[in-house]
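Reader: Could we go through this model together? I would like to begin with the sheet and then turn to the aromatic rings.
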Amino acid sequence: MRSLRSAAIALAVLAVAAGCQQASATPEPRPASAATGFPVDVTNCGRTLHFDQPPTRIVSGWSSSTELLPALGAQDSLAGQYNTSTGTVTGEHAEAASRVPVLGENAPGREQLLAARPQLIWTDGEYPFDGKQLPAIADLAKQGIQVMVLSGFCGDDATKAKVTDVAADHDALGRILGKPAEAQRLRADVDRRLAAVAERVGGKPATPVAFLSSFDRQLYTYEGVYSDMARLAGATNVYAGTLPAKSYYGQVSVEDVAKRDPDTIVYLL
């Protein structure tokens, strides 16, 4: 198969972008002194997150989210990470990420999460916070624990997620952490890289690509942000628009993949 030279660039953009105690546990107290620019209110997934001070204990629910926090200079605030099976932080922030306690290779249990005493949980979606697996977001807020969801994964329809949703997350985190300049620098870097990809692939025929992964001997494909990555990299997702409504992944067969004849397969580990 022909290689999709720019796909790796777009995937890297997304990676940079963009994861014991009882339920009565309380987060670690904040300092009494006011930080510059605080208090801060941030809107996320239709909810208002309020911070009197930058959070000093943050739990990250995705590897790329974990990587972004040291990039913003907040590595000392990372109190835990989960969903580590989704990937490993590499490069300049690998060492900082390796020191963060792992609360679960997938979603953590209620006790493990609350034991980390988070003030902010930055998660890949709202689905674990169902009141059973993890406390509901509203219940956590009553305890002073804010939950921020990746912008593209608010609600139950992840098919609308775009690579550029990371810009909203950069801005929000910059305000929450009291590091707006660092957030603006990262956002500008993403914009620069996207512009470089657009220039490289502009005017060229789109390359058919399939995003695949396997689990329990079953093959799966992906929509949503993956289709957007393909578009930005000068490609087309051969499964775009073929999955059930609001489904950003679905099971496929080897025969069906062969029938669609993608020029490139991006295998998601």
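Reader: Which residue in S4 is the bridge partner of Val 59?
Author: The bridge partner of Val 59 in S4 is Gly 80. This is a predicted model, where local features need pLDDT of at least 70, side-chain atom pairs count only at pLDDT 80 or more, and totals for chains, interfaces and linings use all residues. Residues are numbered from 1 along each chain as its sequence is written, and side-chain values use heavy atoms, with hydrogens and water left out.

Reader: How many bridges join S3 and S4, and in which sense do they pair?
Author: Strand S3 (residues 58-60) and strand S4 (residues 78-82) pair in the parallel sense over three bridges. Strands are DSSP runs of E with at least two residues, numbered from the N terminus, and two of them pair if DSSP finds at least two bridges between them.

Reader: What is the strand order in the open sheet?
Author: The five strands run S5-S4-S3-S6-S7, with parallel pairing. Strand S5 (102-104) and strand S7 (146-149) each have a single partner strand, so one side of each is left without a neighbour in the sheet.

Reader: Changing topic, how are the rings of Tyr 222 and Tyr 249 arranged?
Author: Their centres are 6.3 Å apart and their planes at 35°, so the pair is tilted. Rings of Phe, Tyr and Trp (its six-membered ring) pair if their centres lie within 6.5 Å; planes under 30 degrees apart count as stacked, over 60 as edge-to-face and the rest as tilted.

Reader: Where do these two residues lie?
Author: Tyr 222 is in strand S9 (residues 218-222) and Tyr 249 in strand S11 (residues 249-252), so the pair ties together parts that are 27 residues apart in sequence.

Notes:
Helix = DSSP H or I, 4+ residues; strand = E, 2+ residues; numbered from the N terminus.
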